[in-house]
Amino acid sequence: MLLDLATEVGEVIDLDHIPAEQRRRDVADYVTGLLELLPGYATAVHSAGRRAFAAAVAETLVAQSTLPRADGPSTQEPEERWGEFLVASLYTHTISLDSPDQLSDPAAATRLGASVPRTLPEVLELDLAARPESRWRRAVLTALAYARGTGMPRSVLLAVCAAIAGEPDAPSVEQVAENLDSLRFYLRTGADSDGSALYRFFHQGLADHLRGGCDGDPADVSGRVVDKLLATVTVVRGVRRWDLAEPYLLRHAVQHAADVGRVDELLVDPEFLVHADPSTLIPALDQADSELARLATAVYRVSAGGHPRWSADQRRGVLAVDAARYGAASLLHGLTSTRGPGRSRWRPRWATGGQVSTALRVTLTGHTSPVLAVACTQLDGHPIRPIAVTSGGDATVRIWDLANGTPIGNPLTGHTGPVVAVACTQRDGHPIAVTGSADATVRIWDLTTGTPIGDALTGHTDTVRVVACTQLHDRSIAVTGSEDATVRIGDLTTGTPIGDPLTGHTGWVAAVACTQLDDRPIAVTAGGGDATVGIWDLTAGTPIGDPLTGHTGAVTAVACTQLDNRPIAVTSGRDATVRIWDLAARRQVDEINLPTAVGSLALTSLGQVVAGLGWDIVVFERTPDEQP
């Protein structure tokens, strides 16, 4: 969105579309300016040499980036490009370490400029070759190539250096500090939560080059790195004291372990689960392999939404309760068997619970009030991304990337009351969401840009409780039901109502689903206020026959599918039954009796009925018929 806006106002400069001659001038001016800032190189004696060197660097780099390819076009593939300005800057820094006299002669300066490497790794190797020998320089550099996040502290670098070099002893603090100081031009620094300095390369290309140049099998080197990292954690009576570990390890140990398939080793360590940074631990949970690791993962995910905001002691208490609920005995023992300052003396002995499911992937948090509706679709792109769209009592709509469990963009705002319904469909080939709110309006959202489409659709006089989408005469439409006892049809292309409200229910409309009957689009509605099921012809905008009766309490959910090549509707309600209706014959054909009221329904592609009963989910499937 920022790029589109900048393009619109004319503030985007695309270096790939600047003429080569202009790029040559710009790079040459840039290198000349760099030299004029360097002591000894800014004198009049070196003026001609500066210009000659800069012109040769620019000519060489720009010519390299515009070499013709076998398939015709003039610019190389992006992964082969390193950026003329970036390489020129590093090369200028490298040659500046020698005497300014090398630029006294313009001819010699031209030869020096024409020798500019084409890539950052080549510049780095040229620089290193010109330096005095250092036993630990290459190990320090390669250790930095393994740094995660904002960088690695010196204390951790010591251990990783030893792993890289394959030596039992690590370099001294002074040796590492000396090399870091001499290589600072290639590094970026930051501060950790404990105030210690963090170091990383300023460009990922340098890290990739150094990791690829390690002696031996890369997997073996990564394994040694993990061994050394874990060895830095203090062990007391067989228990790793993660509370004393470097903040870097709490954030990134699991990522290092994931590189070599050793995530299980950390997931079965209760103290690691307590102290590890949830922001990096949660994405790694998918790699759990052993039975104990999968159980620990499932227990952790039960309350994953709260882990990022809890302290370690709070996290320990919640994990202990969940471990007791799901019968994770060894995890519970590990969480409660060690004493420490600030820890509760009370521990779970036993708890009622249910089956723990390893299907739970991630808990999405962000809404500030209850989440009232959810729908799923896909976003265009390469690759196509599965997303969820949620709405809540906080009057917002949110978009989530289901691949990594992160929000996409900012919350969508515009409704002035709780958003209680959401559905997804396509408009002109692009994914959109349609939402209904307690403010009695319906809104349409572009899921690609995260912006509203047009004005709100109005007409209902009370809360819009349900939304479903379908096609009518090749147009995308929305069917909405409200507490005003009406059903409305809206054109999603024009943002206008189609026809008059559909009336017939005598109370609030609790659910709506769309399907086909004799090749005609229809809607099936659940009457929350009158315990009936309505069927509506969306083309004519009229009811099909009288409402279906049979439920003895509010009908709260409806879903449609095909069964035995006939359209059916499945409904549920507060009478604790699920009823199956033949829509063509307009009669009930089956019934499922349950111990409690059903709050929600869904149908699978296998013809299974999924029912939500309080905190539980129950899946039903038909037994094979004896007769056709």
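**Salt bridges, strands and a pocket**

Asp-491 is buried, with a relative accessible area of 2%; buried here means under 20%, exposed means over 50%, and partly exposed covers the range in between, using a 1.4 Å probe and protein chains only. The structure is a predicted model, in which local features require pLDDT of at least 70 and side-chain atom pairs count only at pLDDT 80 or more, while totals for chains, interfaces and linings use all residues. Residues are numbered from 1 along each chain as its sequence is written, and side-chain values use heavy atoms, with hydrogens and water left out.

The side chain of Asp-491 meets that of Arg-475 in a salt bridge, at 2.8 Å from N to O; the term denotes a side-chain nitrogen of Lys or Arg within 4 Å of a carboxyl oxygen of Asp or Glu. Because Asp-491 lies in strand S16 (residues 487-491) and Arg-475 in strand S15 (residues 475-482), the pair ties together parts that are 16 residues apart in sequence. Strands (E, at least two residues) and helices (H or I, at least four) are DSSP runs, numbered from the N terminus. Arg-475, at 32% relative accessibility, counts as partly exposed.

By this rule the structure contains 22 salt bridges. Asp-192 and Arg-251 form one of them, with their closest N and O atoms 2.9 Å apart. This pair links distant parts of the chain, 59 residues apart: Asp-192 is in the loop between strand S2 (187-191) and strand S3 (197-201), and Arg-251 is in helix H12 (residues 247-259). Both ends are buried, Asp-192 with a relative accessible area of 8% and Arg-251 at 17%. Another salt bridge joins Glu-21 to Arg-24, with the closest N and O atoms 3.3 Å apart. Here both residues belong to helix H2 (residues 20-36) and are three residues apart, about one turn of the helix. Glu-21 is partly exposed, at 44% relative accessible area. A network of salt bridges links Asp-227, Arg-240, Arg-262 and Glu-265.

Disulfides, in contrast, number zero, where a disulfide is a pair of cysteine sulfur atoms within 2.5 Å. For Cys-514, the closest cysteine sulfur is that of Cys-469, which at 7.6 Å is too far for a bond. Cys-514 is partly exposed at 21% relative accessibility, whereas Cys-560 is buried at 19%.

Strand S7 (residues 385-392) pairs with S8 in the antiparallel sense over five bridges, a pairing being called when DSSP finds at least two bridges between two strands. Within this pairing, Ser-391 has Val-397 as its bridge partner. The hairpin of S7 and S8 has four residues between the strands, and Ala-395 takes a positive phi near 70° there. S8 also pairs antiparallel with strand S9 (residues 406-407), over two bridges, and Trp-400 has Pro-407 as its bridge partner. That hairpin, too, has four residues between its strands, with Gly-405 at a positive phi near 70°.

Further along, four strands form an open antiparallel sheet in the order S10-S11-S12-S13. S10 and strand S13 (451-452) stand at its edges with a single partner strand each, so one side of each is left without a neighbour in the sheet. Strands S11 (residues 430-437) and S12 (residues 442-446) run antiparallel and are joined by five bridges, and Thr-435 has Arg-443 in S12 as its bridge partner.

The second largest pocket has a volume of about 1200 Å³. Of its 36 lining residues, the closest to the centre are Ala-373, Val-374, Val-422, Ser-600 and Leu-601. On a 1 Å grid over the protein atoms alone, a pocket is an open set of points where a 1.4 Å probe fits, with protein on both sides within 12 Å along at least five of seven lines, and lining residues have an atom within 4 Å of a point. Points are joined across faces, edges and corners, and the volume is the space filled by probe spheres set on them. Strands that each supply at least two lining residues include S6 (371-379), S10 (419-427) and S26 (600-603). S6 gives the most, with six residues. The lining divides into 31 nonpolar, three polar and two charged residues, where Ala, Val, Leu, Ile, Met, Phe, Trp, Tyr, Cys and Pro count as nonpolar, Asp, Glu, Lys and Arg as charged, and the others, Gly among them, as polar.
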